[in-house]
Amino acid sequence: MTQEHAALQPTSSPSWSITDTPEGLCLTLGGRWKALSGEAMRLPDNAFSSVRTGTGRTLFIKTDDLGDWDSSFITFIWNVKQAAGRLSLRLDCQALPASAQRLLALLPDRATPPAPHQDSREGPLARLGGATLDVFHEIGTCTTLVAEVGHGVIQCLRGRSSMRLKDLLVDIWNAGPSALLIVSIVNFLIGAILAFVGLLELRKFAAEIYVTNLVGIASAREISAIMTAIIMAGRTGGAYAARISTMQGNEEIDALQVTGISLAGYILLPSILSLVIMMPLLYLYGTMVAIFGGFVVSMTMMDLSPIGYWLTTFDGVDLNQFIFGFVKAFFFAGFIALAACRVGLKAGRSAADVGIAATRAVVIGIVGVIALDAIFAVLANAVGI
Amino acid sequence: MMPDRDTLIAVRDLQLSFGPKIIQKNVSFDLKRGSIFAVMGGSGCGKSTLLRSMIGLLRPTAGRIMIGGDDYWGQDEARRTAINRRYGVLFQSGALWSSMTVGENVALPLEMFTDLKPDAIEQLVRLKLGLVGMEHAIDLFPFEISGGMRKRAGLARAIALEPDILFFDEPSAGLDPITSARLDDLILTLRDGLGATIVIVSHELPSLFTIADDGIFLDAVTHQPIAHGSPRDLHDSCTLPEVTAFMHRSASIPSQTEQKAEQHV
């Protein structure tokens, strides 16, 4: 039937009209109804204002001049169906093409309002209360986590750990040797930049020799520790969070819990231990590379023997500076690993949640490390290192 | 009502919620020793949530779950973990630990909770994998095997510690009909062989009819169970429109169908 009318009026625009007949209201539809040709129409709200409506009246649909149609036609008919529902008209769609009738039957009489989000009705006070409870809950969870990991370490020292050595070695490899290249590049460049900028300034005071102290102290005390921590937060912290949240989505964490295998001992301990073991070592290595970077630049820019450079460096940089940096690297590692594991465990179960968890772990890791460093600076000042 | 001696799990007036949203309430049923119990219902009605509360992953907001006479959620965590030792759970996705080979997955619970020597463990791992037809995959990682194989490997891990209660979360979801029928056979064989009691969450009718001998039907609209009995009996004699629609695979429940028929006129 549709084809026949399409042949009659192949290119006319969609048209509709409502007339009042003795049998009831009559809606006449004609023309081509194609959504993609831009000829979509809506039934105006006042479409039935000029005719007599009321319960018991019937709305007939006539489609004698209907051409091709698609979704735009169904949209219009759905509008009619909803309007008929509102005005208590009985809708008679027998004249509609059979496929249109079937599609229309799928659509409800009235548009369903979108379901509200669950928490959208909470007032500001309830939200503040909720946030406060969340903070306390989070503090509690993190404390439990630290306690469990501490317990795991003690078990480990007693040789009764549930941790698999293989997991620890894999994590150590990922957190240590495979990070060497990026740690080298970054620290070398930082040392070189420090020496370059330092030399330019110190030259004005004929104090070029102090570039060894500048590079040595800056990298041993602050920069190598911070840069290494930032690299590890981005590299390893993000990876831990992504891995744990993927396990969450895959029900692996549930499987561990139901089996009764301790999460702390089994997943968290190898991750945290490996970072805590490797990062101080990476820091020491990074410091040496940074000093080497400074050395390379200084050799090209100043008149000093290579041996003289190294001697002045170790003369100027106290062992305490290295110990200070080493201790800091240790705490940074603990913080990064714990934060990443916590973020991963807290993550949701979808693919997007894995991305969010990884991002969050990196951001918390980097900001936290810098904040921790500030605390260390204050403490060091108080102690007098 | 006191559960009798044949009853292994008794659930009484259980209520499950996420925050203020109630998922299911007034859930009560008895699970006979050695039976296969089906938790049925449409998608999103709270079947998996009920399962999670029975295996200790979600604390119910009211009611009790009695496992062999102990109030499961009334115990402290250590005691619950001890009860969990009697459980074997097959998760929807298999939930194999992805950093380990299939063999190591099955071996881990044995290493953790028994004093067996490594070669005894290896023997057991081979046996369990052999039972599910996965012995060849012992050294493969979970990402190297197909979805159906992952489920079977998950099943081998679930039966590693000789559990007397097995939980299956949508065992046939995402499997083709043949693989799923094989899995059903396997579940029946294991029930008879191990003498385990099985709780199965599913909406796959063919598999429910084949294996389950008792069950409960959860309704997503009223958030409570509306029918009890084996899937077969519910199919043959239950007159509730929601249940008949589910059991006879019609696209809509009768009251809506009538409405639509009227609109066609």
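Tutor: Helices and strands here are runs assigned by DSSP, with at least four residues of H or I for a helix and at least two of E for a strand, numbered from the N terminus. The model is a predicted one. From D176(B) to G148(B) the C-alpha separation is 8.6 Å, although 28 residues separate the two along the chain.

Q92(B) sits in the loop between β6 (87–90) and α3 (102–113) of chain B. With a relative accessible area of 34%, Q92(B) is also partly exposed. Q92(B) and H228(B) are 136 residues apart in sequence, and their C-alpha atoms lie 24 Å apart in space.

Most residues other than glycine have a negative phi. D13(B), in contrast, has a positive phi, near 50°, and this residue belongs to strand β1 (residues 7–18) of chain B. H223(B) likewise has a positive phi, about 60°, without being a glycine. H223(B) is found in the loop between β9 (214–219) and β10 (224–228) of chain B, and at 27% relative accessibility it counts as partly exposed.

These residues of chain B can be set against an annotation. The unreviewed UniProt entry places the feature "domain: ABC transporter" at residues 9–245 of chain B.

The annotation of chain A is of another kind. The unreviewed UniProt entry gives the feature "transmembrane region" at several stretches of chain A, among them residues 179–202 and 357–380. Residues 179–202 of chain A are 96% helix and 0% strand, with end C-alpha atoms 34 Å apart. For residues 357–380 of chain A the values are 100% helix and 0% strand, with 33 Å between the end C-alpha atoms.

How do helices of chain A pack against each other? Helix α7 (residues 211–249) of chain A and helix α12 (residues 351–383) of chain A pack at an angle of about 150°, and their axes are 8 Å apart. That angle makes α7(A) roughly antiparallel to α12(A), because the term applies over 145 degrees. The crossing of α7(A) past α12(A) is right-handed. In this contact of α7(A) with α12(A), 15 residues are nonpolar, 6 polar and 3 charged.

Helix α7(A) also packs against α9(A), at an angle of about 145° and with axes 7 Å apart. This crossing of α7(A) past α9(A) is right-handed. The contact of α7(A) with α9(A) comprises 17 nonpolar, 11 polar and 1 charged residues.

From α9(A) the packing can be followed onward. Helix α9 (residues 263–301) of chain A meets helix α11 (residues 319–346) of chain A at an angle of about 145°, with axes 8 Å apart. Here α9(A) passes α11(A) in a right-handed crossing. The contact of α9(A) with α11(A) has 22 nonpolar residues, 5 polar ones and no charged ones.

A loop residue of chain A may be compared with the opening example. L107(A) is located in the loop between α3 (98–106) and α4 (124–157) of chain A. Its relative accessibility of 21% makes L107(A) partly exposed. L107(A) and W69(A), 38 residues apart along the chain, have C-alpha atoms separated by 17 Å.

Finally, the cysteines deserve attention. With a limit of 2.5 Å between cysteine sulfur atoms, the count over all chains is 0 disulfides. C93(A) is in no disulfide, and the nearest cysteine sulfur, that of C26(A), is 13 Å away. C93(A) has 6% relative accessibility and therefore counts as buried. C45(B) is likewise in no disulfide, the nearest cysteine sulfur being that of C238(B), 15 Å away. C45(B), with a relative accessible area of 1%, is buried.

Terms used
Residues numbered from 1 in each chain as written. Chains lettered and ligands numbered in written order. Predicted model: local features only at pLDDT ≥ 70, side-chain atom pairs only at ≥ 80, totals over all residues. Heavy atoms only, no water. Axes fitted to C-alpha atoms, helices over the stretch in contact; angles between N-to-C directions. Parallel < 35°, antiparallel > 145°, perpendicular 65-115°, else oblique. Left-handed = near helix turned anticlockwise from the far one by under 90°. Nonpolar A, V, L, I, M, F, W, Y, C, P; charged D, E, K, R; others polar. Buried < 20%, exposed > 50% of the residue type's maximum accessible area, 1.4 Å probe, protein only. UniProt positions renumbered as here; feature names shortened; annotations may be inferred.
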